[in-house]
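Reader: Hi! Could you walk me through this one in plain words?

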Amino acid sequence: MAFQVKTSILSNSDGSAELIIGGTKVLVSISGPIEPKIRQELPNQASLDIIIRPYKGLSTTREKLLEDKLRQLLQSIIIRYKYPRQLIQIVVQFLIIDEIEEFTCNELNAAINCCYFALIDADLALYSSFVSVVACINSGNLLLNPPGDILINSDSHHVICYNIENQKANKLLFLESDGEFTEETLFTILAKTVSEAETLHQEQRKIIQAKIENDYIWK
Amino acid sequence: MSSSLILPGDNLEIEDISQYKTTIGPGIYKFPTREPKFIPTQPGILNHSTQSNKQLIYIESNSKRYIPHKNDLVIGIVVGSIGEFYKVQLQDFSTPVLLNFMSFANATKKNRPNLKNGQVVYGKVTVDSIEIENEIECIDEGCGVLDDSGYVFNVNLNFARELLYDANSIFLKLLANKCQFEIAIGINGKIWLKCGEGVKKEVKESENKEDEDDDMDIDSTNVKDLKYTLAAVEYLKKAQFVKQDELKQVLNVCFKNVEN
Amino acid sequence: MSEAELQQVKFPPEILDRIAPDISLKRHFAIGVRPNLRNFTEFKPIEIANSSQLQESNNNVISSSIIKSGSTTIINTITLGIIENINPNEEKKKKFTTIYPNVEILRGRSGAPTDEEMILSQNLYETIYKSKIIPSESLKINNLGISINNEEEEEKEKDAKQEILYPDLNSNEWQYINLSNQYNKSYSFILLSSIKVYSKSQSTNSLFDLCYLSIINCLKNLKLPRCYINESNLLSTKISIRSRKSNVRGLINTNNNKLNLNLDLNRTEKIKLNLTDGLISSNYGVVDIIKKEKESESENENENENENEKNNEKNKLIETILLCDLEGEAEETSILSRLTVITNKKGTMNKISLINGDLNSEITFDILKKAIEISQKRSLQQGV
């Protein structure tokens with residue numbers, strides 16, 4: 001399993017990234033810090049405006065819930081005190097998705113990972129790196145990055161986002177588990193996904209390395 | 001280059017801050033706690049230098065969005081005025097910065113430049129506190145209003161820094177082989193450039209009426225200057241995405257149509 | 001001019017709570033209490049009221065629940081909708097279905113639903129779906145009845161006497177009935193839940209808990225009525241209407257596919273759900289508490305040398321604690337590391353939603369374990 005990432009693909013936004021992970025393709029654009037509207041302005045930190053657009057049609061309550069989850073995660077990871085009275089606008093556009101309407105975990109996972117690259121591209125200050133993994137338990141077996149049709153029949157599914165500090169996934173930033181599962185299963189999944197997250201982080205490093213070399217290609 | 005890649009969350013390997021006097025630059029965040037703690041917050045190349053008991057750390061990275069810092073030379077567009085200040089936009093959608101009516105060289109109450117919306121100024125940031133509105137001034141030599149015959153365009157911030165700070169930078173030297181130009185580089189990623197007489201909006205000025213015979217000439221030199229300006233702009237825009245050995249080629253491509 | 005003297009401004013606790021919730025919270029913790037005077041791991045008591053009145057007085061309400069927790073009251077009514085399964089193969093794939101909640105938080109304001117309401121509704125919708133509580137089969141209308149007018153009786157009495165025949169109950173009569181096309185279509189119920197929240201100050205997380213509880217409570221008591229087709233509807237009646245374009249009168253078929261609900265309470269059937277006992281949703285917040293420093297010892301020592309040690313000591317005095325059931329403005333705005341767990345009596349979990357919003361007070365695996373343990377105990381004691 002690997003990411004396929006392109007950064008800086010939108011020339012008019014401050015940071016952008018396109019990510020393919022499994023059967024999901026997503027495009028994230030970030031503008032900021034920019035001037036907020038008066039009602040968005042916070043006196044001591046940056047406000048976040050997150051807009052999620054579905055792959056077809058207009059956004060509904062389903063996207064609202066996703067926006068809320070993403071906001072909770074990102075507002076704790078961006079150093080918002082560095083940009084008081086400013087606005088950071090993040091637009092997430094899904095291009096291809098692989099799950100039915102009732103599920104959002106593959107999308108959430110792709111959005112989180114893509115936001116990381118877009119934030120890096122926008123050069124916004126972050127407390128730490130982060131990486132997200134999606135796992136499901138299907139008749140007793142742990143499966144990472146499940147495709148949509150397996151997801152429907154799975155017993156439980158989990159979106160797990162780790163904080164990467166010093167190249168180690170040591171803190172749980174975000175966890176969204178649904179279905180039916182025991183405490184034991186949960187901790188087995190957590191233990192197993194830690195190493196997966198660290199491998200993914202090494203991939204992130206390679207991608208960012210290439211991106212930075214490309215930024216300074218004229219040197 | 002690879003060895004010094006640093007990402008947010010990585011360990012910052014620096015000397016003990018209790019023994020070294022530490023100066024931090026972009027990309028490093030100091031926790032506002034009683035016990036100082038530094039973390040890297042931006043992805044990029046770590047620059048760390050020590051000297052006797054001092055150390056300097058910063059992270060070099062590229063971005064498109066400019067955050068004002070003191071003493072930065074910037075190019076901005078006047079978008080309005082409020083009280084005794086002009087509002088100057090340094091980038092699209094950024095919070096405008098203020099420029100006092102009096103912050104011009106030799107300005108007095110009676111004699112001060114009257115700027116219109118849309119005019120371009122070259123100034124220096126004097127107030128960069130994030131908590132209050134930022135301010136610029138145009139007092140230093142070279143600062144002031146940039147005339148309308150130049151062309152303003154955007155480049156990445158890292159490239160703008162390279163052009164402005166590196167006196168031996170090859171980009172402008174190469175360009176100088178092709179044409180004469182005047183340039184103003186803003187750290188905010190805006191560049192004002194003009195070749196020869198630059199881009200004149202109206203050819204027929206009232207003062208030119210006397211020598212109407214020369215009209216044809218003025219026209220042709222003006223078109224030539226315009227072409228050169230646009231070619232130079234194209235060259236600089238492209239230069240930030242190619243390797244240095246391809247630079248000459250890019251330059252020739254950009255000026256191919258102009259020189260004939 | 002005389003020097004202006006700056007006077008210390010004092011705020012009563014309620015106002016400080018409003019203007020500086022973080023400071024107010026810290027001060028409360030410093031003396032070891034929460035702003036709402038509960039213990040750290042104490043849940044707010046929940047009362048479930050008898051709500052059968054709602055069903056009795058409203059024909060369309062088939063289940064309801066009223067929950068009270070402190071100053072918050074939640075009224076949940078469940079109504080039915082009927083849909084035709086147009087594509088039966090597609091429906092078969094989805095083994096489970098969900099409920100369609102519409103949460104309204106009434107704070108004396110009208111207008112379009114707020115983000116909070118939308119997020120709550122959607123969260124409930126997805127959570128019920130994913131916990132696989134309602135099998136699609138349970139909402140399918142299986143024994144569709146037909147009402148017939150008993151003509152003989154009609155002659156005797158003026159009121160048309162209707163009789164509803166069901167294939168499973170009246171199998172004798174059923175064999176004589178000619179089934180129309182309409183009868184062969186497949187129909188399902190959908191459950192619509194309208195949740196009204198009367199609340200002054202409640203965190204979104206604990207509102208989710210209460211709404212979830214109210215839905216589960218409703219589902220427990222849910223009885224589905226029988227459905228029938230009116231025989232007279234089967235005969236196509238046509239009404240002429242004037243068409244807009246011409247004077248020629250067109251015909252409209254009133255034989256619409258209207259299903260009727262049999263509101264006879266004796267004929268209702270309990271819904272077959274996949275419900276585990278003791279389902280309850282609990283929410284937690286995680287926060288750092290600074291215990292009072294013992295400064296007397298460190299002051300005696302040499303300050304320069306022991307500065308690091310001193311800092312270490314200070315760190316030791318910080319304790320990360322788990323708070324149950326967030327409530328009130330101070331807790332809502334300043335506690336960002338949060339956790340919601342849905343547990344049941346079986347000892348499994350149906351949902352965990354965790355966010356480490358505050359990097360200082362981190363939810364570690366140990367805290368997560370502790371929260372799960374508390375939730376499971378709560379499931380055994382007071383889950384519905």
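Reader: How do strand 8 and strand 9 of chain A pair?
Author: Strand 8 of chain A and strand 9 (residues 168-181) of chain A run antiparallel, over ten bridges. Strands here are DSSP runs of E, at least two residues, and helices are H or I runs of at least four, numbered from the N terminus; two strands pair if DSSP finds at least two bridges between them. The model is predicted, with local features needing pLDDT of at least 70 and side-chain atom pairs 80 or more, while totals for chains, interfaces and linings use all residues. Residues count from 1 along each chain as its sequence is written, with chains lettered from A and ligands numbered from 1 in the order written.

Reader: Nice. Which residue stands opposite His157(A)?
Author: That is Asp178(A), in strand 9 of chain A.

Reader: And what is the strand order of the open sheet?
Author: The eight strands run 7(A)-6(A)-8(A)-9(A)-19(C)-18(C)-16(C)-17(C), with antiparallel pairing. Strand 7 (141-144) of chain A and strand 17 (318-324) of chain C are the edge strands, each pairing on one side only.

Reader: Switching topic: how many residues of chain A are in contact with chain B?
Author: 31 residues of chain A are in contact with 33 of chain B, where contact means C-beta atoms, placed from the backbone, within 7 Å.

Reader: Which helix of chain A gives the most to that side?
Author: Helix 4 of chain A, with six residues.

Definitions and conventions. Contact = placed C-beta atoms within 7 Å.
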